[in-house]
Amino acid sequence: MRYYIAVVHQEGDSAFGVHFPDVPGCFSAADDMDDLLANASEALALHLEGEELPETRSLDAVRADDEVAHDLAEGGFLLAVPLVQLSGRTTKANITMDAGLLAAVDQYAKSHGLTRSAFLADLARREIAG
């Protein structure tokens, strides 16, 4: 899985702003720190959808960037954000789990209007993306 380094910043009581030094024009925001990773991962995937992937620099190289160094000196921090790219095609997978857990998964999915596969795929995306 490919990760991009994001710079996170906040001024006063504003939302957290996120930008990617290696992906010009890609921005995100979150009101809560708990939502930073998921929002940034979604913004990254949408921004790069159908595009050639930009090269990623090492953490040290990003830190050494003058603009990033300035952001860090101003109180910003870095966040490694996974790029979760959806292909648009589905693949059948055979998984094994406890029968009771599977029943609970099916019951939960059904009560939320989802199929087992849709529920598990959404859960996996959310867990990977934060």
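These are my notes from looking through a predicted model.

**Core.** I started with the largest nonpolar core, which has 17 residues. Tyr4, Val18, Phe20, Val23, Leu36, Leu44 and Val81 touch the most other members. Then I checked where the members come from: β1 (3-9), β2 (16-19), α1 (36-48) and β4 (77-82) each supply at least two residues. Helix α1 gives the most, with 5 residues. I looked up the partners of Val18, skipping neighbours within four places in sequence. Val18 is in contact with Ala6, Val7, Val8, His9, Cys26, Phe27, Ser28, Leu36 and Ala40.

**Ser41.** Beyond residues up to four places away in sequence, Ser41 touches Val81, Pro82, Val84 and Ala129.

**Around α3.** I went to helix α3 (residues 66-73) and found Asp65 capping its N-terminal end. A side-chain oxygen of Asp65 lies 2.9 Å from the backbone nitrogen of Glu67. After α3 comes Gly75, with a positive phi near 105°.

Asp65 also turned up in my salt-bridge search, paired with Arg57 at 3.2 Å, N to O. Asp22, Arg57 and Asp65 are linked in a network of salt bridges.

**Other salt bridges.** The whole structure has 5 salt bridges. In α2 (residues 59-64), Asp60 and Arg63 are 3 residues apart, about one turn of the helix, and their side chains meet at 3.3 Å, N to O. Asp60 counts as exposed at 55% relative accessibility, whereas Arg63 is partly exposed at 41%.

In α5 (residues 116-129), Asp122 and Arg125 are also 3 residues apart. The closest N and O atoms of that salt bridge are 3.8 Å apart. Asp122 is partly exposed at 29%, and so is Arg125 at 34%.

**Surface.** Which residues make the nonpolar patch of about 330 Å²? I found Met1, Tyr3 and Ile128 there. Tyr3 belongs to strand β1 and is partly exposed, at 43% relative accessibility.

**Ala104.** Last, I looked at Ala104 in helix α4 (residues 99-111). Ala104 is partly exposed, with a relative accessible area of 40%. I also took its separation from Ser58: 46 residues in sequence, and 42 Å in space, C-alpha to C-alpha.

How values were computed: Residues numbered from 1 in each chain as written. Predicted model: local features only at pLDDT ≥ 70, side-chain atom pairs only at ≥ 80, totals over all residues. Heavy atoms only, no water. Core = buried A, V, L, I, M, F, W, Y, C linked by side-chain atoms within 4.5 Å. Buried < 20%, exposed > 50% of the residue type's maximum accessible area, 1.4 Å probe, protein only. Helix = DSSP H or I, 4+ residues; strand = E, 2+ residues; numbered from the N terminus. Contact = heavy atoms within 4.5 Å. Polar contact = N/O pair within 3.5 Å; in protein donor to acceptor, adjacent residues only side chain to side chain. Patch = residues over 30% accessible without salt bridge, like charges linked within 9 Å, V, L, I, M, F, W, Y side chains within 5 Å. Areas by Shrake-Rupley, 256 points an atom, 1.4 Å probe, with all protein chains shown as cover. Salt bridge = Lys/Arg side-chain N within 4 Å of Asp/Glu carboxyl O.
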